[in-house]
Structure formats: C-alpha cells, structure tokens
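Read it beside the model.

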Amino acid sequence: SGFVLGGSGAKIAVRYLDRATGNVFEVSPDGGEAKRITNTTIPKIYEAVFAKSGAALLARYLKEDGETIETFSGTVKTKSGSTEGDLAGSFLPAGIKELALSPDGKRVFYLREEGGGAVGITATLAGGEKTEVFRSPLREWSVSWPKTDTLLLTTKPSALSEGIVQVLNPETGHTTPALSRLRGLTAIADGALAQILYSKSSDTGFSLSLFERESRVETELPLRTLPEKCVFGAKGETLYCAVPRTVPPASYPDAWYQGVISFEDEVWAIETANGIPRLVMDVSAEANTAIDAVSPMLSADEKYLIFTNKTDGTLWSLQLK
C-alpha cells in the first residue's frame, strides 16, 4: 500500500507496508527475502505515505462504515537483535481527503472538506501545532510537498473539466497560479519546483509537456504518458517515465483511473534540457507480464527505479546502472 527507497551504497533498502496486515517490511532493491520490521497489525491499509527516512509513515484505511477515512500517524520502533518492532503513534482527524509529508518528514499537510470546499492544515506528524494555510471553494485536490517551503496543489483531473495547478507557501498561506484552463490537467514537480511536468486531455488521448516556472516556457515532449508514471532525477536534469506501448482511444485520464484501460509499459529516460528520449527497457517484455507502472521512486544515486504495478499492486525494482 506504500513504500520508500532509502539509504546509500550497500545499505540501500526498500521499506513497504503490507496492505493485508499493516506490517512494515524491508527488502533489498536487488530482491531477495523481505524482513518483517514491525508486527503491529492494522488490516486493509489502502494507502501508506512514508517519510524519506522510512522511520515514520501515515497509514490510511476506511472505517467499518465504508465511508470514513482514518489516518494513523505511526513511527517505526525497532528493537535490537532479531526481535520485530512496533508501529506506535496516534490518529489524525477523521475524514482527511488528501495529504502530503514535508521533505524532512516532520510535518504533514492535509485537506478536509468544509462547507462544500476544502481547508488545508499543516501539523506535526502527531497532529499538533495545527495551522490553517489554505482554503478553497473547490474540494477535490491532489497535493504534493516537493520543496520545504512549497506545496503543489492540482485539481483532481477529468477529461470533462478544466484543471488548475497552484503553488502554496505553507508558512504564509500565499498561493500562486502555475497552470490553468487545461482539460484533464494532472502534474508533478521536480525537487526544486523549477519544472512542472503535466499532461492535458484531447478528444481521444492526452499529451505530455514540461513547464519551466521561471521562463514560463512550455515544451511538449515526444513521449505520451501521464505524470503519475514519471519521476524527476535529483537535479531535475533527467526524467524517468513508464510509457505505454500503445494508448487506445478513450477519455483520459478517467478511463485509466477507473481501471477501464490498463497499459503495458516501457521505461524511458528524457533529458529535460532538450527533450531527447532514450529507451531504458521494455519492462513488460523483460518481466513477461503486463506492467502498468505507478508511483515511481529513484534511489539517491539513481541506480534503482522502484515502482508499483497498478494492475496487481506488486512492487518492482529496475536497476538503471
């Protein structure tokens, strides 16, 4: 239900949370046997958001009523020797619609519905020191926190509506528009928030473009994929994207989100300075299974690309170097 890639050199590792049990496991990006880190059982976790250190996470699941979203803020408490540790923590307010962790993993930004709109709150991981920093009459937003002093907020996309992307300062609450009036708009940003990768819908598909915030130059890229299938390198000089071999005509991104359409991906690298792509691997052919990659994450040395197969929820590792 969520994972993080951390460490360096020989100590690089992937931590992930098992959806069925809520246990945290650790495994080498080269594969091998996974080691269980915690034995605290929280069943049916739909989403887990890890801090970069892997020591803290936010686990989200539905209550028994099938509607109310619960968010558990936990810290991995390891024990010496071979003894499994615990996942200790507390609950954030119920009904959080979307959330993101700060780059240092010490604070959380979350959105709750209020009066038909959305209210954005920053708080500590334990839920203290709450500050309202955002309010909007629109209630459906996707959020990310790529830079310490900057959040990226994107209206939830549909081919049937125009979307907007806003940049939010979590200290001042000041918002700045970045992109707007684009159908099916969905986006991610690099770590410096200098570049925004976005897609927009057409009548039968979608296109991918790169937006330079300082110059406000928009460049359409030669590959057709969605930003959710891409990740920026540490310096923002390279993009790694899972790219569908074919894109059947449909209403995007709706059909893909709903699972009506699934892709079989290749992995490509794109130099952001010139937009030149190169094929890294046809991962669907190499794995001998249809891989529809989402949530890609790079190791700090850009040696490994970790991602989830949207089709079945399995976790995969691709060695780049």
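## The cysteine pair

The torsion about the S-S bond of cysteine 230 and cysteine 241 is about 115 degrees, so the disulfide is right-handed. A disulfide here is a pair of cysteine sulfur atoms within 2.5 Å. The sulfur atoms of cysteine 230 and cysteine 241 are 2.1 Å apart. By this rule there is one disulfide. The pair links distant parts of the chain: cysteine 230 lies in strand S21 (residues 230-232) and cysteine 241 in strand S22 (residues 238-244), eleven residues apart. Helices (H or I, at least four residues) and strands (E, at least two) are DSSP runs, numbered from the N terminus.

This is a predicted model: local features need pLDDT of at least 70, side-chain atom pairs count only at pLDDT 80 or more, and totals for chains, interfaces and linings use all residues. Residues are numbered from 1 along each chain as its sequence is written, and side-chain values use heavy atoms, with hydrogens and water left out.

Cysteine 230 counts as buried, at 6% relative accessibility. Cysteine 241 is buried too, at 1%. Buried means under 20% relative accessible area, exposed over 50%, and partly exposed in between (1.4 Å probe, protein chains only).

## The sheet around it

S21 and S22 belong to an open sheet of four strands, in the order S21-S22-S23-S24, with antiparallel pairing. S21 and strand S24 (277-281) stand at the edges, each with a single partner strand, so one side of each has no neighbour in the sheet. Neighbouring strands are turned by 25 degrees against each other on average, direction ignored. For such angles, axes are lines fitted to C-alpha atoms, for helices over the stretch in contact, and angles run from 0 to 180 degrees between N-to-C directions.

S22 and strand S23 (residues 265-271) run antiparallel, joined by seven bridges. Two strands pair if DSSP finds at least two bridges between them. Cysteine 241 has tryptophan 268 opposite it in S23.

Strand S11 (residues 117-124) is mostly covered, with eight of its eight residues buried. Gly117, Val119, Ile121 and Ala123 are buried on one side, and Ala118, Gly120, Thr122 and Thr124 on the other.

In S12, threonine 131 is the bridge partner of threonine 122.

Each hairpin has a glycine with positive phi:

| Hairpin | Residues between the strands | Glycine and phi |
|---|---|---|
| S10 and S11 | two residues | glycine 115, near 60 degrees |
| S11 and S12 | six residues | glycine 127, near 95 degrees |

## Two buried loop residues

Isoleucine 42 sits in the loop between strand S4 (31-36) and strand S5 (47-50). Isoleucine 42 is buried, with a relative accessible area of 13%. Leaving out residues up to four places away in sequence, isoleucine 42 touches Thr21, Gly22, Tyr61, Phe72 and Leu87. Contact means heavy atoms within 4.5 Å. Alanine 20 is 22 residues from isoleucine 42 in sequence, and their C-alpha atoms are 8.0 Å apart.

Serine 158 lies in the loop between strand S14 (150-155) and strand S15 (162-168). Serine 158 counts as buried, at 15% relative accessibility. Beyond neighbours within four places in sequence, serine 158 contacts Arg183, Gly184, Pro253 and Asp254. Tyrosine 257 is 99 residues from serine 158 along the chain, with 9.6 Å between their C-alpha atoms.
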